Amino acid sequence: MTKNIYPQLIQQIESIDTTNIPEQRRETLAPLVAFIQTKVNNGEQIRLNFICTHNSRRSHLSQVWAQVMASYFKISNVYSYSGGTENTALFPVVAKTLVNTGFQIETLSEGNNPVYSIKYDTNSAPIIGFSKTFDNPFNPQSGFAAILICSSADEGCPFIAGAEKRIPITFEDPKAFDESPLQLEKYNERSIQIATELYFVFSQLKK
């Protein structure tokens, strides 16, 4: 239920303005809307695997916001994942950005590739955040949409085994601002862009 989403997150979601999404970008998002709508119509599970190169920044933001928007718009049977063409670690500023937005995050294990519990409401199971390859056993092996969110992964993965549909939706990498005075601002900016576009996607669905 929407009412269980944390209040700060609800406030953030309700401040989203999709009117500034350009028409060309809406066309880019349309295949994702169509994929989810078909699954909704058929009463099938909706598996979304957001794929980038390192599974450290944009792919996690996309995974998390897709799950939140599915809950907010009461679209059931949505299972959101993320992966990379290689694994590294979830970048700490991503976790900090999510906490600042209203998520509750706990570190489940530390080391070179920490594992995080990411909660967005009081009752739903947490999203488990860590860096992994897109074909890691933690992720679905078939019947999923492979959503390529960085150009290098899009170009480097012309074929993704098990993917029912391949959908390129690229975002600029906030990594360009690492260790700069604008780092937190730019990570938040990218997070809000991803949230806004996924809000648009889920708002288009007819239940």
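Guide: In helix 4, the buried residues are Val93, Val94, Ala95, Thr97, Leu98 and Thr101; buried means under 20% relative accessible area with a 1.4 Å probe, protein chains only. Helices (H or I, at least four residues) and strands (E, at least two) are DSSP runs, numbered from the N terminus. This is a predicted model, in which local features need pLDDT of at least 70 and side-chain atom pairs count only at pLDDT 80 or more, while totals for chains, interfaces and linings use all residues. Residues are numbered from 1 along each chain as its sequence is written, and side-chain values use heavy atoms, leaving out hydrogens and water.

Visitor: What covers the buried residues of helix 4?

Guide: The cover includes helix 1, helix 3, strand 3 (104-109), strand 4 and helix 6.

Visitor: And what follows helix 4?

Guide: Gly102 does, with a positive phi near 130°.

Visitor: Now strand 4. Is it mostly covered or mostly open?

Guide: Mostly covered, as four of the five residues in strand 4 are buried.

Visitor: How does strand 4 run against strand 3?

Guide: Antiparallel, with five bridges joining the two; strands pair if DSSP finds at least two bridges between them. Thr107 stands opposite Tyr116 of strand 4. This hairpin has five residues between the strands, and Gly111 there takes a positive phi near 115°.

Visitor: What about strand 5?

Guide: Strand 5 (residues 127-129) is also antiparallel to strand 4, through three bridges. Here Tyr116 stands opposite Gly129.

Visitor: Switching topic: which residues touch the most other members of the largest nonpolar core?

Guide: Leu32, Ile36, Leu48, Trp65, Met69, Phe103 and Phe202, in a core of 53 residues. Such a core is a set of buried Ala, Val, Leu, Ile, Met, Phe, Trp, Tyr and Cys residues joined through side-chain atoms within 4.5 Å.

Visitor: What is Leu48 in contact with?

Guide: Leaving aside neighbours within four places in sequence, the contacts of Leu48 (heavy atoms within 4.5 Å) include Leu32, Ile36, Val78, Ile147 and Phe202. There is also a second, separate core of six residues, among them Ile51 and Phe134.

Visitor: Last one: how many cavities of 30 Å³ or more turn up?

Guide: One, from a search of the whole structure. The largest cavity has a volume of about 40 Å³, and its lining includes Leu29, Leu32, Phe50 and Leu198.

How values were computed: Buried means under 20% relative accessible area, exposed over 50%, partly exposed in between (1.4 Å probe, protein chains only). On a 1 Å grid over the protein atoms alone, a cavity is a set of points where a 1.4 Å probe fits but cannot get out, and a pocket is an open set with protein on both sides within 12 Å along at least five of seven lines; lining residues have an atom within 4 Å of a point. Grid points are joined across faces, edges and corners, and a volume is the space filled by probe spheres set on the points.
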